[in-house]
Amino acid sequence: MTTKRALVLAGGGLAGIAWETGILQGIADESPATAEALISSDVLLGTSAGSTVSAQLSSGLSLDELYQRQVAADSHEIRSGVDIDSIFDLFLTAMSDAAASREQKLVRIGEIALATPTVEEKVRHAVIEHRLPSHDWPDTDLRITAIDIATGELLTFDRDSGVGLVDAVAASCAVPGAWPPVTIGDRRYMDGGVGSTVNMSLVEDCAVAVVLVPSGETTPSPLGGGAAAEVALFAGRAFGVFADDEALAAFGPDPLDPACRVPSARAGRNQGRRYAAPIAEFLAG
């Protein structure tokens with residue numbers, strides 16, 4: 001019987017990156033051992049924003065250093081120039097055919113993403129390079145999600161995939177309609193949490209999972225019942241942390257806006273302090 005533990009880091013834009021980092025820093029404020037237990041989980045699974053955080057946690061920088069990067073006044077992040085409501089409209093258009101399969105809907109989203117003007121792929125790639133303190137895969141079991149836009153298939157990149165870490169994170173962070181699909185070999189990839197923000201199916205080999213989700217517990221998913229439902233259906237023991245009211249207010253109307261980073265990180269830190277004891281108790285069980 002497996003005893004593996006997973007830390008699952010969900011999608012949620014720049015707000016999500018800052019909030020997840022803040023949550024972990026807040027836990028460390030109250031219980032350094034609990035934060036270390038999470039960061040040193042057997043498996044780190046990252047989707048979109050979570051792919052950035054999981055790669056950063058595996059980079060060798062301390063949690064405090066990573067948090068300071070989030071609350072720094074300056075960053076290399078850029079605005080997409082796309083209204084967030086237009087992205088939601090893209091999803092609704094792609095999913096209007098009730099008879100289409102999940103993969104068919106994702107392929108449709110991919111087609112629209114390809115046709116939507118965005119910054120050049122190399123410009124976006126440079127942003128991801130600056131995000132990651134290390135561009136090398138760690139020795140740990142780091143799993144990063146992406147969706148093949150031609151097939152709608154959910155894939156997992158890891159250190160054995162033959163794909164560079166920066167490319168993997170860029171693909172996972174390629175929110176359709178906001179950022180360009182990422183070219184790896186002869187394939188194009190996207191994610192942005194459009195299929196699922198948590199992808200709990202990819203940690204089925206683990207017995208325990210702590211899941212950080214930078215959205216409200218009742219927030220629906222475009223292609224499913226939402227992250228809370230996925231966490232609840234996990235076969236093992238799972239503990240989900242969802243953004244509280246303070247965090248949701250900090251995220252603002254556009255979680256892709258670089259201006260949301262600092263308030264989101266601080267709100268996450270406040271929330272993390274309150275969750276340190278419950279998570280410690282959960283891990284001890």
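These legends describe an overview and two close-up views of a predicted model. Local features need pLDDT of at least 70, side-chain atom pairs count only at pLDDT 80 or more, and totals for chains, interfaces and linings use all residues. Numbering runs from 1 along each chain as its sequence is written, and side-chain values use heavy atoms, with hydrogens and water left out.

View 1. Helices (H or I, at least four residues) and strands (E, at least two) are DSSP runs, numbered from the N terminus. The C-alpha atoms fill a box of roughly 50 × 45 × 40 Å along the principal axes. Of the 285 residues, 55% count as buried (under 20% relative accessible area, 1.4 Å probe, protein chains only). Among contacts (heavy atoms within 4.5 Å) with a separation of 6 or more, 80% join residues 24 or more positions apart.

**View 2. A49 in helix α3, residues 49-57.** A49 counts as buried because its relative accessibility is 2%. Neighbours within four places in sequence aside, A49 contacts A10, G11, G12, G13, G16, I17, E20 and C173. D191 is 142 residues from A49 along the chain, yet their C-alpha atoms are separated by 10.0 Å.

**View 3. T145 in strand β3, residues 141-148.** The relative accessible area of T145 is 0%, so T145 is buried. Residues up to four places away in sequence are not counted here. Beyond them, T145 touches L45, G46, T47 and S48, together with L154, L155, S172, D191, N199 and L202.

Note on methods:
Buried < 20%, exposed > 50% of the residue type's maximum accessible area, 1.4 Å probe, protein only.
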